[in-house]
Every structure is written in C-alpha cells, then in structure tokens.
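This report describes selected features of a predicted model. It turns to a single residue and then to a sheet with its neighbouring helices.

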Amino acid sequence: MNKYIAFLRGINISGKNKIDMSDLKSEFENAGFTNVSTYLNSGNVSFLSNENNLKNKIEDMIYNRFELQISVYVVEVDVINDILSNAPEWWNSGNKENYDNLIFILSDDAPETIYEIVGPPSEEFEKVQIYKNVIFWTFDRKKYQKCNWWKKTASNGIADKLTIRTANTVKKVCKSN
C-alpha cells in the first residue's frame, strides 16, 4: 500500500464548506482507505491505498456525502518528501518574520503558467521558486499586503486553480500515521 496525502481546497473557511474532520475520516474509511488521519480543520488527510484515480474518487465521495463540490490534490508522501528535500534555502528557514507556503496546482496548468498569470514576486517582500509541479512561496508576514502573490493567488481566475499549505502543515501531515 502507498501512503497518500489529500489536500482539500477551501473547506471550513469563514463558515463555508463545512466538513467535520471526524466525519471526513469516517468517509475515507468507508471508501476503503486505511490508516486514515486528519490534521487541522482545513482538509488535510493522510491515508493508505493501492487504488488509482484517487482524486476523482475522493471528490465524488465528498460530493455524494457532503454535497460539496471540493477540489482535491492527492499526492504520495514519497513525492512530498522529495519536494521538501529540494526546497530552496530561504524556504522554511526558521525566520519568524516569514510565512512559508507550498502551492499545489489543482488545474492542468503547469507551474510556469501559474507564474506567468500571477507575475513576478515583489522582490523586497516575497520569494517564489518552482520545483517540479509545485511552487515554494515565502513572504514577509508584516508586509504581506504589499506582496504581488498574496493579492493574486486569492483573486478570481487563479484561486480556484490552487490549494496552499504552510510548510509546517505539509511537514506534519506527512508525518501523521
């Protein structure tokens, strides 16, 4: 069996798309996944499976059970570990002034396409680097409103193409189970 992480986009945010994590865990188990674990209340699930086409199966399960159209990014833990081991030096450096994120692309767009749509980072306040099919993104916590990527990743036309997790969340969900 392979260990996977599912990142659900946009659940339990500002009272929208509410899903109780214990209910979500139960539904994953009912769908045949094993060693299911959730982390935080924002849709981070680790599980074991031998199946293929997990993204569609999970999205269908969420729709059928919770009546929510939620996009899901599914990735093997080994792939995440490779990504984390190739993080740029400045990402997750321990600098408390910075906020470190990993951007997962839900659409069929390449990371380079997302970069072109969003545009270059604001040099003084943020850094961005592509690795394979993800984007490392760090920004200054105090000056986030001046960051190009902060504004644009949340804008119409791009927000639905992405799901973003902090460095700490990605690391912790990979270690669960």
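Val79 is located in helix 3, which comprises residues 77–85. The relative accessible area of Val79 is 37%, and because this value lies between the 20% limit for buried and the 50% limit for exposed residues, Val79 is classed as partly exposed.

Four strands form an open sheet in the order 6-7-5-8, and their pairing is antiparallel. Strand 6 (126–131) and strand 8 (162–166) are the edges of this sheet, each of them pairing on one side only. On average, and with direction ignored, neighbouring strands in the sheet are turned by 25° against each other.

Between strand 5, which covers residues 98–105, and strand 8 there are five bridges, and these two strands run antiparallel. Asn101 has Thr166, in strand 8, as its bridge partner.

## Helices on the sheet

Helix 6, formed by residues 167–175, packs on the sheet and touches both strand 5 and strand 8, with a direction that makes about 85° with that of strand 8.

Helix 4, formed by residues 111–118, lies across strand 5, strand 6, strand 7 (134–140) and strand 8.

Technical notes
Residues are numbered from 1 along each chain as its sequence is written. This is a predicted model: local features need pLDDT of at least 70, side-chain atom pairs count only at pLDDT 80 or more; totals for chains, interfaces and linings use all residues. Side-chain values use heavy atoms; hydrogens and water are left out. Two strands pair if DSSP finds at least two bridges between them. Axes are lines fitted to C-alpha atoms, for helices over the stretch in contact, and angles run from 0 to 180 degrees between N-to-C directions. Contact means heavy atoms within 4.5 Å. Buried means under 20% relative accessible area, exposed over 50%, partly exposed in between (1.4 Å probe, protein chains only).
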